[in-house]
Amino acid sequence: MDYYRVGTLVNTHGIRGEVKVVVITDFPEKRFAKGQQLFLFKDADATTGSVKVTVDKSRTQKGLFFLTFKGLDNINDVEKYKGWTIKVAAETLHDLPAGEYYYHQIIGLTVVTTDGETLGKIKEILSPGANDVWVVQRDHGQSDVLLPKIPQVIKTVDLDAGTVTVELMEGLID
């Protein structure tokens with residue numbers, strides 16, 4: 001079974017089994033709704049050794065989600081999961097509108113300029129504010145390129161070909 005990361009359990013909160021979660025999904029209200037099944041992994045890259053949990057309660061405060069899981073009713077039940085990655089099963093992903101992508105679809109794509117120059121591969125996606133920033137790892141020790149996900153820069157995404165075509169604005173590359 002394939003799993004996709006939706007957050008990180010960063011700490012416990014109180015003594016009744018509530019945990020703080022840093023979210024990395026655009027659908028937190030859906031992913032962390034009561035009754036949703038989640039999988040906790042000690043290692044973010046792991047695909048085995050998960051602990052299956054079901055959300056009992058969910059609330060937000062200051063950009064964090066606070067969750068409780070069914071059957072994990074006190075701090076001793078959840079403390080061992082501090083720092084663990086929260087994932088969902090692949091079959092729970094839903095189709096996105098045209099032009100929108102899941103992070104796992106974008107990471108690893110080859111970035112090519114409109115002039116045909118290959119820049120490198122997308123290694124990470126940052127979400128600093130108004131728009132995502134795609135981090136492109138270049139070859140030969142060159143510094144990474146940070147591409148804002150705006151229409152002026154990201155021209156096409158071709159998942160079948162595994163490429164992203166970009167138009168570089170002045171100052172994006174040193």
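**Close-up views of a predicted model**

**View 1. Phenylalanine 27 is partly exposed, at 23% relative accessibility.** The model shown in this and the following views is predicted. The count of aromatic pairs in the model comes to 5. In one of these, the ring centres of phenylalanine 27 and tyrosine 102 are 6.5 Å apart and the planes are at 65°, so the pair is edge-to-face. Phenylalanine 27 sits in the loop between strand S2 (18–23) and helix H1 (28–31), and tyrosine 102 in the loop between strand S6 (85–89) and helix H3 (103–106), so the contact ties together parts that are 75 residues apart in sequence. Tyrosine 102 counts as buried, at 14% relative accessibility.

**View 2. Phenylalanine 32 and phenylalanine 65 form a tilted ring pair.** The centres of the two rings lie 5.4 Å apart, with the planes at 45°. Phenylalanine 32 belongs to the loop between H1 and strand S3 (37–41), whereas phenylalanine 65 belongs to strand S5 (residues 64–69); the pair therefore ties together parts that are 33 residues apart in sequence. Phenylalanine 32 is buried, at 0% relative accessibility. Phenylalanine 65 is buried too, with a relative accessible area of 8%.

**View 3. Tyr3, Phe39 and Phe41 are linked into a cluster by ring pairs.**

**View 4. Arginine 59 takes part in a salt bridge with glutamate 18 and lies over the face of phenylalanine 66.** The salt bridge has an N to O distance of 2.9 Å. Glutamate 18 is in strand S2 and arginine 59 in strand S4 (residues 51–61), so the bridge ties together parts that are 41 residues apart in sequence. Glutamate 18 is buried, with a relative accessible area of 14%, while arginine 59 is partly exposed, at 32%. Arginine 59 is 4.4 Å from the centre of the phenylalanine 66 ring.

**View 5. Lysine 123 and aspartate 144 form a salt bridge.** The count of salt bridges in the model comes to 3. In this one, the closest N and O atoms are 2.8 Å apart. The bridge links distant parts of the chain, 21 residues apart: lysine 123 is in strand S8, and aspartate 144 is in the loop between strand S9 (133–137) and strand S10 (145–148). Lysine 123 is partly exposed, at 39% relative accessibility, and aspartate 144 is partly exposed, at 30%.

**View 6. A salt bridge joins lysine 155 and glutamate 167.** The closest N and O atoms of the pair are 4.0 Å apart. Lysine 155 is in strand S11 (residues 154–158) and glutamate 167 in the segment after strand S12 (163–166), 12 residues apart. Both residues count as partly exposed, lysine 155 at 40% relative accessibility and glutamate 167 at 39%.

**View 7. The largest pocket has a volume of about 920 Å³.** It is lined by 33 residues, of which the closest to the centre are Arg5, Ile24, Tyr102, Tyr103 and His104. The elements that give two or more residues to the lining are strand S1 (3–13), S6, H3 and strand S8 (118–126). S1 has the largest share, with 4 residues. The lining residues divide into 18 nonpolar, 5 polar and 10 charged.

Note on methods
Residues are numbered from 1 along each chain as its sequence is written. This is a predicted model: local features need pLDDT of at least 70, side-chain atom pairs count only at pLDDT 80 or more; totals for chains, interfaces and linings use all residues. Side-chain values use heavy atoms; hydrogens and water are left out. Rings of Phe, Tyr and Trp (its six-membered ring) pair if their centres lie within 6.5 Å; planes under 30 degrees apart count as stacked, over 60 as edge-to-face and the rest as tilted. Buried means under 20% relative accessible area, exposed over 50%, partly exposed in between (1.4 Å probe, protein chains only). A charge sits over a ring if NZ of Lys or CZ of Arg is within 6 Å of the ring centre and within 35 degrees of the ring normal. On a 1 Å grid over the protein atoms alone, a cavity is a set of points where a 1.4 Å probe fits but cannot get out, and a pocket is an open set with protein on both sides within 12 Å along at least five of seven lines; lining residues have an atom within 4 Å of a point. Grid points are joined across faces, edges and corners, and a volume is the space filled by probe spheres set on the points. Ala, Val, Leu, Ile, Met, Phe, Trp, Tyr, Cys and Pro count as nonpolar, Asp, Glu, Lys and Arg as charged, and the others, Gly among them, as polar. A salt bridge is a side-chain nitrogen of Lys or Arg within 4 Å of a carboxyl oxygen of Asp or Glu.
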